[in-house]
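Here is a friendly walk through the structure shown below. Keep the 3D view open as you read, and take each part in turn.

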Amino acid sequence: MTHDTTPTQPATTPAPSAAAAPAPPGGPAASATAAGGAGTRLDPWFGSYAARAHGMRASEIRALFAVANRPEVVSLAGGMPFIEGLPLDVIGEAVQRLIATKGTTALQYGSGQGDEELRERILEIVALEGITDAHPDDVVVTTGSQQGLDLVTRIFVDPGDVVLAEAPSYVGALGVFRSYEAQVQHVPLDADGLVPEALERAIVQARSAGQRVKFLYTIPNYHNPAGVTLSLERRQRVLEICKRHGVLIIEDNPYGLLGFDREPLPALRAFDDEGVVYLGSFSKTFAPGYRVGWVIAPHAVREKLVLASESSILSPSNASQMAITTYLATCDWRGQIKAYREMYRERRDAMVGALSEHLPSASWNVPDGGFYVWVRLPDGLDARSMLPRAVTERVAYVPGTAFFYDGQGADHMRLSFCYPTPERIREGVRRLASVVNSEADL
Ligand code: PMP
């Protein structure tokens with residue numbers, strides 16, 4: 001299960017054991033007074049944490065997800081790509097050759113900005129979404145787009161600053177925003193993606209309340225978790241509104257090439273090289289295990305991102321970057337993306353077909369790409385309180401509350417169709433429907 005699959009905040013730093021720990025500043029008694037909770041008695045460092053660490057906590061459903069990983073449970077919770085669909089033997093041989101021939105570079109430290117050959121290759125990929133004016137120097141390689149999110153937030157957000165994000169939004173981004181003590185304001189979306197009028201209202205309201213709006217965080221394609229795509233017409237309007245109000249756009253696009261029925265729409269960054277920071281990733285179109293993503297940013301922002309990245313990781317992994325460059329150079333990566341699209345389309349069909357058959361009392365979108373179906377439960381049902389029952393019935397999902405900053409979303413759940421086979425998906429939805437239907441009867 002990837003971090004995406006587990007709706008948690010970033011994990012807290014493990015506390016040193018009480019036996020080994022020296023007395024914390026102010027002493028254990030002082031820390032106990034500061035917090036006054038059970039956690040203080042277990043963690044002698046409680047009084048020493050930065051304010052931002054106090055906001056980091058594991059979700060109460062994390063324990064359930066450990067159970068959901070058992071093989072008898074059909075997990076419709078995870079955002080894991082179906083790695084078994086890759087030609088692992090071919091990739092394995094290429095990696096072996098890479099280490100044998102270029103191991104002294106691959107296993108060495110590298111550039112903070114990332115390997116130049118890979119940055120050139122990344123430009124070929126983003127050209128598929130209309131970004132044709134970028135230079136390799138505009139690209140920063142990151143440890144997955146999750147690190148890109150962290151870096152962007154680190155360089156822009158002070159505690160209390162407003163970040164605008166779709167309602168719902170990606171759980172891992174909300175965790176980053178929370179850890180930098182941002183105030184997230186949700187902007188509604190509908191079947192065509194983010195609603196531009198609501199975006200403008202949110203900017204104006206926040207500003208008139210004296211708040212600093214730092215950026216709009218948006219997932220324009222095959223949204224996680226909502227499954228929707230921002231229409232071409234709305235892309236223009238969102239760009240125009242943000243430009244007029246001086247609001248930076250963070251465009252998070254891990255799924256853009258995974259459309260089932262059509263070629264990708266142009267990225268927001270394709271229309272604006274000054275007002276958009278673009279986050280890309282190899283996680284969904286190739287494999288997340290190498291942990292490689294990228295940011296394309298305006299020049300000055302890019303410089304700050306490189307400095308921020310160097311201060312946290314020195315340099316992204318050379319071995320991972322070179323393995324991906326080798327894959328792109330020697331394997332049919334376009335064919336692989338096509339194969340993924342076909343496979344995920346079949347799984348999407350299995351999921352929406354099973355929902356229609358077994359759960360007609362719910363409603364959902366039919367995504368035309370990506371990994372997720374966003375399901376609205378029949379009135380009165382609460383996806384979070386229903387989850388333990390579902391896990392007992394050997395099916396797991398992510399309750400909608402994980403995707404909001406403010407506790408909304410209990411009437412929704414996110415179902416992923418990326419990892420289980422179509423047959424398992426149908427079985428999972430059958431089990432889920434029996435839980436929902438029996439809860440609805442109570
Ligand atoms: N953004 C979105 C919308 C995602 O769904 C994910 C992963 N599920 C990420 C970013 C992070 O992906 P990675 O770090 O693997 O590139």
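## Overall picture

The protein has 15 helices and 14 strands; these are DSSP runs numbered from the N terminus, with helices being H or I runs of at least four residues and strands being E runs of at least two. This is a predicted model, in which local features need pLDDT of at least 70 and side-chain atom pairs count only at pLDDT 80 or more, while totals for chains, interfaces and linings use all residues. Residues are numbered from 1 along each chain as its sequence is written.

Of the 442 residues in the protein, 44% are buried. Here a residue is buried if 20 or more other C-beta atoms lie within 10 Å of its own, exposed if 12 or fewer, and partly exposed in between, with C-beta atoms placed from the backbone. Among contacts with a separation of 6 or more, 75% come from residues 24 or more positions apart; a contact requires C-beta atoms, placed from the backbone, within 7 Å.

## How confident is the model?

The mean pLDDT of the protein is 90, and 90% of its residues reach 70 or more; pLDDT is the predictor's confidence in each residue, from 0 to 100. Over residues 1–38, though, the pLDDT is below 50, and this stretch has 68 contacts in the model beyond near neighbours in sequence. Where pLDDT is low, the predicted coordinates should not be read in detail. For the complex, the predictor gives an ipTM of 0.99 and a pTM of 0.90.

## The eight-stranded sheet

Eight strands form an open sheet with mixed pairing, in the order β2-β9-β8-β7-β6-β3-β4-β5; two strands pair if DSSP finds at least two bridges between them. Its edge strands are β2 (139–142) and β5 (193–194), each of which pairs on one side only. Is strand β6 (residues 213–218) enclosed or open? Six of its six residues are buried, so β6 is largely enclosed by the rest of the structure.

Strand β3 (residues 162–167) runs parallel to β6, joined by four bridges, and A165 stands opposite Y217 in β6. Four bridges also join β6 to strand β7 (residues 248–252), again in parallel, with L216 having I249 in β7 as its bridge partner. Together, β6, helix α10 (residues 232–245) and β7 make a right-handed β-α-β unit: with the strands pointing away from the viewer, the path from the first strand over the helix to the second runs clockwise. Elsewhere in the sheet, strand β8 (residues 276–281) and strand β9 (residues 293–296) run antiparallel and are joined by four bridges, and G280 stands opposite W294 in β9.

## The four-stranded sheet

Another open sheet has four strands in the order β10-β11-β14-β13, with antiparallel pairing. The edge strands here are β10 (363–364) and β13 (398–399), each pairing on one side only. Five bridges hold the antiparallel pair of strand β11 (residues 372–376) and strand β14 (residues 412–416). One of the facing pairs is Y372 with its bridge partner S416 in β14.

## The nonpolar core

Which residues touch the most other members of the largest nonpolar core? In this core of 111 residues, they are L164 and A396. A nonpolar core is a set of buried Ala, Val, Leu, Ile, Met, Phe, Trp, Tyr and Cys residues joined through C-beta atoms within 7 Å. Helix α13 (residues 333–358) gives the most to this core, with six residues. Leaving aside residues up to four places away in sequence, A396 touches partners including F65, V73, L76 and V391.

## Two residues to look up

Y222 lies in the loop between β6 and α10. Y222 counts as buried because it has 26 C-beta neighbours inside 10 Å. Beyond residues up to four places away in sequence, Y222 touches G227, T229, Y255, L258, P367, G369 and G370.

S434 is found in helix α15 (residues 422–441). With 15 C-beta neighbours inside 10 Å, S434 counts as partly exposed. The C-alpha atoms of S434 and S281 are separated by 37 Å, and the two residues are 153 apart along the chain.

## What the record says

An unreviewed UniProt entry carries the annotation "domain: Aminotransferase class I/classII large" for residues 85–432. UniProt positions are given in the numbering used here, feature names are shortened, and annotations may be inferred rather than shown by experiment. In the model, this span of residues 85–432 is 45% helix and 16% strand, and its end C-alpha atoms lie 26 Å apart.

Definitions and conventions:
Two residues are in contact if their C-beta atoms, placed from the backbone, lie within 7 Å.
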